[in-house]
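Trainee: I would like to learn how to read helix packing, domain contacts and a ligand shell from a model. Could we go through them one at a time?

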Amino acid sequence: MSGTQPRSEEPGLVVLSNRLPVSRVGNKWQTSAGGLVTALLPLVSTRPTSWVGWDGGSHKLPEKLPGTDAGLVGVGLSRADVKAYYDGFSNATLWPLFHDLVGTPEFQRSWWEAYQRVNRSFAEAALKTGEELSSPTYWVQDYQLMLVPQLLRAGTDAPVRYFLHIPFPAPELFARLPWRDQLLRGLLGADTVSFHTEHYRRNFVRACALLLTDVTVRGRDIVLEDGRVVHTQANPISIDTTDFAEDARSEEVTGRLQRLRRQFAGRRVLLGVDRLDYTKGIPERLLAFERLLEDREDLHGRVCLVQIAVPSRGDVEEYQRLRDLVDQLVGRINGRFTRPGEDVPVHYFHRGVAREDLLAYYLLADLMLVTPLKDGMNLVAKEFVTVQHAALSARSATEGAGALVLSEFTGAADEMPQAYLCNPFDLDGVSAVMATALSAAPEERRRRLDLLARRVRRHDIHAWAERELDQ
Ligand code: ADQ
């Protein structure tokens, strides 16, 4: 382990997340792009900060988060622990259970034992680094570390905050977990437990009331037997809107957009951007697009779907099956609907793309399809409206704007009622929403986009972080 800063009198911050936000590119370490890092950068310059996370198997971590003063504290995990704690309990038990069983959770005692062991290692590392800071706050992130708040509480009186990045399921589903009480008690070690939406927050409070006999619910607070009060709140995560808007107007992005416009000339573009995860509803989206082509011969050769899917969790079996299914569906649709000498209807990239390309695709798209079967929030929806809105003033009024087709089962849907909302399980419904959004008048699409982008800007990533850490 390495890396705390010398003690200063400013109140400190200890962030805990499964992975440290650094990656090695060639022989240099880089800060990984991501909401949490972006949110923290302004704080890091005012508060001594330490970030605790899995070192990803690298033993030569830099002492500091590149370009900042934040210390990095790596937690080493054995290969067996990665399999059982990360691939197993986190991604094959909790992930499907918390996403309304759109995948089937597996319950294995050995995974649970690894989860407890690894959570203990994180808590120990955090307490140790916290001792070197003056009045630290501990800020625990996400479902891989649900036992950590209680473990910290046993070792310190300092404030502990917790944020869950995925949904909290209905108590009736959560109750299936053999270790449900332990997880609830783990979270109740925090002073504040935060969720993306009011709905998830209520699910958590209801689960506590239903499953724990020694707690009392008082409004948004949960009062424990010893009188300690745990506050709960809904605080939707967001993006750095200023950053996205500026980049959207950059020369680099404009150049790439022009190239894409030439390549896709004469066709309207429907876009999907996701991690390749079964919660994101990619097969269902492809089927809805196939339905659209079946029903609307007039659209043949005039619309196409660009699906960009970043490889994810390739070691978990369910993800390998999903990859095969998507390959097969793309092949089938292209086989059915490609016309001689013409371009294919589905352009599928099984890889991540550079940020400049991502932004150029957001700008190119007529429809952004964000249609997960279940998603805690979904930042792609917020990125798309922000980037499209930044370009709006440069477009003529008749050009309209890109439209967002958004699943009702995302946290984002709560904040984005002006999107074209859909039920991703209803293929006819999604196909009809695609057709409606495609034919909407330019001024209607601009009106909706304007309202959506303004709302995202009002509650950006900085507002989120401030609320999370507000004492
Ligand atoms: P994720 O499930 O990873 O996050 P999401 O919120 O959509 O989902 O964030 C994905 C990020 O990766 C976005 O910033 C997007 O731009 C980027 N990305 C996706 N596909 C990409 C591609 N092909 N190439 C390049 N970049 C790509 C979890 C929860 C979400 C919650 C977030 C934050 O599952 O519900 O919104 O955490 O709390």
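Trainee: At what angle do H2 and helix H3 pack, and how far apart are their axes?

Mentor: Before the answer, note that this is a predicted model, in which local features need pLDDT of at least 70, side-chain atom pairs count only at pLDDT 80 or more, and totals for chains, interfaces and linings use all residues. Residues are numbered from 1 along each chain as its sequence is written. Helices (H or I, at least four residues) and strands (E, at least two) are DSSP runs numbered from the N terminus, while axes are lines fitted to C-alpha atoms, for helices over the stretch in contact, with angles running from 0 to 180 degrees between N-to-C directions. Here H2 and helix H3 (residues 109-131) pack at an angle of about 110 degrees, and their axes are 8 Å apart. H2 is therefore roughly perpendicular to H3, given that angles under 35 degrees count as roughly parallel, over 145 as roughly antiparallel, 65 to 115 as roughly perpendicular and the rest as oblique.

Trainee: Which residues of H2 and H3 make the contact?

Mentor: Two residues are in contact if their C-beta atoms, placed from the backbone, lie within 7 Å. From H2 the contact uses Asp81, Ala84, Tyr85, Gly88, Phe89 and Thr93, and from H3 it uses Ser110, Trp111, Trp112, Ala114, Tyr115, Arg117 and Val118. For classes, Ala, Val, Leu, Ile, Met, Phe, Trp, Tyr, Cys and Pro count as nonpolar, Asp, Glu, Lys and Arg as charged, and the others, Gly among them, as polar; the contact of H2 with H3 then divides into 8 nonpolar, 3 polar and 2 charged residues.

Trainee: How do H8 and H13 cross, and what is the handedness?

Mentor: A crossing is left-handed if the near helix is turned anticlockwise from the far one by less than a right angle, and right-handed if clockwise. The axes of helix H8 (residues 241-248) and H13 come within 8 Å and cross at roughly 50 degrees, so H8 and H13 are oblique to each other, and the crossing is right-handed. Thr241, Phe244, Ala245 and Ala248 of H8 meet Glu383, Thr386, Val387, Ala390 and Ala391 of H13.

Trainee: Into which domains is the protein chain divided, and how far apart are their C-alpha centres?

Mentor: Domain bounds come from an automatic or database domain assignment, which here gives domain 1 (11-235) and domain 2 (241-458), with C-alpha centres 31 Å apart. The contact takes 14 residues from each of domain 1 and domain 2. On the side of domain 1 that touches domain 2, the largest share, 3 residues, comes from helix H2 (residues 79-98), and the classes on that side are 5 nonpolar, 7 polar and 2 charged.

Trainee: How many residues surround the ligand, and which are the closest?

Mentor: A residue is near a molecule or strand if its C-beta atom, placed from the backbone, lies within 6 Å of it. There are 19 residues around the ligand, the closest being His165, Gly352, Gly376, Met377 and Leu379. Strand S12 (268-275), strand S13 (303-310) and helix H13 (379-392) each supply at least two residues of this shell, and domain 1 and domain 2 each contribute at least three. By class, the shell has 10 nonpolar, 5 polar and 4 charged residues.
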